Amino acid sequence: MRPESSDIGERSDAVAALRRQGEGIALSRTVALVGLMGAGKTTVGRRLAQALQLPFADADDAIVEAAGRPIADIFAERGECEFRRGERNVIARLLAGPVHVLATGGGAFIDPDTRALMKERAISIWLKAPLDVLMKRVTKRDHRPLLKEDDPQAVMQRLINERYPIYAEADITIETGAGPHNSAVTSILTALRSHQVNP
């Protein structure tokens with residue numbers, strides 16, 4: 001499991017404030033966060049789950065647990081197609097369970113079958129972030145198999161060009177920048193409240 005963030009967003013007073021914002025939001029479907037690596041899906045997802053008082057799941061962590069090996073090893077040994085097949089199975093299993101907040105990997109929503117499954121069983125939310133913010137976040141860690149090339153920024157720009165039109169099919173789009181993750185959580189809660197009224 002990834003370590004919990006210890007910044008201000010995890011403090012009890014911040015959690016209480018987010019829970020107050022989430023009061024009255026009752027969901028019948030899982031909330032699935034989609035978007036590129038570095039968009040903040042895991043951190044925002046954990047805090048959103050706290051605000052909604054729902055369980056949180058990270059699809060990448062579930063894949064690692066199911067496969068018994070790191071994602072980078074799955075990519076290296078079996079290729080991306082095999083990884084996507086396993087990812088699709090794991091996400092299908094998670095979406096068949098009780099309502100929760102789900103953070104998905106950057107390529108999950110791009111897979112047509114996984115995307116169709118999310119549209120059927122979840123409320124999909126695209127965390128849309130600009131390139132400079134994404135790069136600042138992804139360069140802090142070296143575990144991302146798609147960025148193990150000479151020019152990670154060029155790879156990220158290519159992924160933006162390829163994937164943003166597909167992410168745009170999500171039920172809700174939340175523009176995120178370099179600001180605090182709790183701002184994104186607040187925006188999501190507002191959007192979910194509106195989505196309840198106008199599904």
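In this predicted model, helix 3, spanning residues 59-67, packs against helix 4, spanning residues 71-95, with an angle of about 110 degrees between them and their axes 9 Å apart. Because angles of 65 to 115 degrees count as roughly perpendicular, helix 3 is described as roughly perpendicular to helix 4. The crossing formed by helix 3 and helix 4 is right-handed. On the side of helix 3, the contact is made by Ala59, Asp60, Ala62, Ile63, Val64, Ala66 and Ala67, while helix 4 contributes Ile71, Ile74, Phe83, Glu87, Val90, Ile91, Arg93 and Leu94. When the residues of this contact between helix 3 and helix 4 are divided by class, 12 are nonpolar and three are charged, and no polar residues are found.

A further packing arrangement involves helix 6, which covers residues 131-138, and helix 7, which covers residues 152-167; here the angle is about 130 degrees, and the axes lie 11 Å apart. With that angle, helix 6 is oblique to helix 7. Helix 6 passes helix 7 in a crossing that is right-handed. The contact is made by Leu131, Leu134, Met135 and Val138 from helix 6, together with Pro152, Gln153, Met156, Gln157, Ile160 and Tyr164 from helix 7. In terms of residue class, the contact of helix 6 with helix 7 comprises eight nonpolar and two polar residues, with no charged residues.

Terms used:
Residues numbered from 1 in each chain as written. Predicted model: local features only at pLDDT ≥ 70, side-chain atom pairs only at ≥ 80, totals over all residues. Heavy atoms only, no water. Axes fitted to C-alpha atoms, helices over the stretch in contact; angles between N-to-C directions. Helix = DSSP H or I, 4+ residues; strand = E, 2+ residues; numbered from the N terminus. Parallel < 35°, antiparallel > 145°, perpendicular 65-115°, else oblique. Left-handed = near helix turned anticlockwise from the far one by under 90°. Contact = heavy atoms within 4.5 Å. Nonpolar A, V, L, I, M, F, W, Y, C, P; charged D, E, K, R; others polar.
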